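Here is a briefing on one protein chain. Please look over the sequence and the model first.

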Amino acid sequence: MHSIAAYIFLGVSLAAPIGPVNAAQLDTGIKNGFFHAWIFGIGALTADVLYMMMVYFGIGQVIEYPLVQIILWSFGCFVLTYTGIESLLSLHKIELDVGFGKKVQLKRSFTAGFFMSLLNPLTILFWLGIYGSVLAEATVTFSGNQILMNSVAIIVGIILWDTIMATISSGARKVLSTKFLKIISVISSLSIIGFGIYFGIQAFHALF
């Protein structure tokens, strides 16, 4: 149980650092409410699990090829820059009406979270590096079933953080003024665009 708790905490720690996914999830919660933010996080988690499986089955080495890195950085640049600009253009959608989020399909929030995480080079490098190290250490100490349980515990930790982020963003939507919510949304959007520009620079350096 001590080991499981430690890996749940690890999952929370892995998901907590503010990046483009968290910024987009916060923006989604402000615009559309708790369930959309939570489903956005589940979509991102689905992509995370795919990368965890890649590492687990030993096919994560493909990331080491320069051409693959260029493609990942370029896709990340496009997706994040587009998402950030789209978010800025949709500021008028922020309403204090709690039921507003029902007008947006949950499927769209899931898809947005999935592709943002899937095409985020930081997510890819993060999982291949961090989870790869955790897996390498675990194989020395634990059996196959225990490794699987520890991996599930990491996922539980990520879901816990996903729930916290969704609660914070939807809670802010209920208690803060529209003007303040728009300021937060602008900051989140600019953060996403900033990451997109950073990825574009990395793609340029990788190319030349």
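Where is Phe110 found? Phe110 sits in helix H5. The model is predicted. The protein chain has eight helices and zero strands.

**Overall fold**
- Along the sequence the pattern reads α-α-α-α-α-α-α-α.
- The protein chain has 208 residues, and 44% of them count as buried.
- Among contacts with a separation of 6 or more, 88% join residues 24 or more positions apart.

**H3 against H5**
- Two packed helices are described by the angle between their axes and the distance between the axes.
- For helix H3 (residues 34-56) and helix H5 (residues 106-118), the axes come within 7 Å. They cross at roughly 40 degrees.
- The crossing of H3 with H5 is right-handed.
- By class, this contact holds 14 nonpolar, six polar and one charged residues.
- The H3 side includes Phe35, His36, Ile39, Phe40, Ile42, Gly43 and Thr46.
- The H5 side includes Leu106, Ser109, Phe110, Gly113, Phe114 and Ser117.

**Phe110**
- Phe110 is partly exposed because its relative accessible area is 30%, between the limits of 20% and 50%.
- Leaving out residues up to four places away in sequence, Phe110 touches Ile39, Ile42, Gly43 and Thr46.
- Phe110 and Thr46 are 64 residues apart in sequence. Their C-alpha atoms are 9.3 Å apart in space.

**Ser109**
- Ser109 also has its place in helix H5.
- Ser109 has a relative accessible area of 5%, so this residue is buried.
- Which side chain does Ser109 join in a polar contact of 2.9 Å? The partner is the side chain of His36.
- Neighbours within four places in sequence aside, Ser109 is in contact with Thr28, His36, Ile39 and Phe40.

**Thr28**
- Thr28 lies in helix H2 (residues 20-32).
- Is Thr28 buried or exposed? Thr28 is buried, because its relative accessible area is 12% and the cut-off is under 20%.
- The Thr28 side chain reaches the backbone oxygen of Ala24 at 2.8 Å.
- Beyond four places in sequence, Thr28 touches Gly33, His36, Ala37, Phe40 and Ser109.

**Nonpolar cores**
- In soluble globular proteins, nonpolar side chains tend to be buried together.
- The largest nonpolar core of this model has 22 residues. Met52, Trp127, Tyr131, Ile154 and Ile158 have the most contacts inside it.
- At least two residues of this core come from each of helix H1 (2-15), H3, H5, helix H6 (121-141) and helix H7 (144-175).
- Not counting residues up to four places away in sequence, Met52 touches Trp127, Tyr131, Ser151, Ile154 and Ile155.
- A second, separate core has eleven residues. Val21, Met116, Ile192 and Ala203 are among them.
- Met116 of that second core is also one of the H5 residues that meet H3.

Terms used:
Residues numbered from 1 in each chain as written. Predicted model: local features only at pLDDT ≥ 70, side-chain atom pairs only at ≥ 80, totals over all residues. Heavy atoms only, no water. Axes fitted to C-alpha atoms, helices over the stretch in contact; angles between N-to-C directions. Helix = DSSP H or I, 4+ residues; strand = E, 2+ residues; numbered from the N terminus. Left-handed = near helix turned anticlockwise from the far one by under 90°. Contact = heavy atoms within 4.5 Å. Nonpolar A, V, L, I, M, F, W, Y, C, P; charged D, E, K, R; others polar. Buried < 20%, exposed > 50% of the residue type's maximum accessible area, 1.4 Å probe, protein only. Polar contact = N/O pair within 3.5 Å; in protein donor to acceptor, adjacent residues only side chain to side chain. Core = buried A, V, L, I, M, F, W, Y, C linked by side-chain atoms within 4.5 Å.
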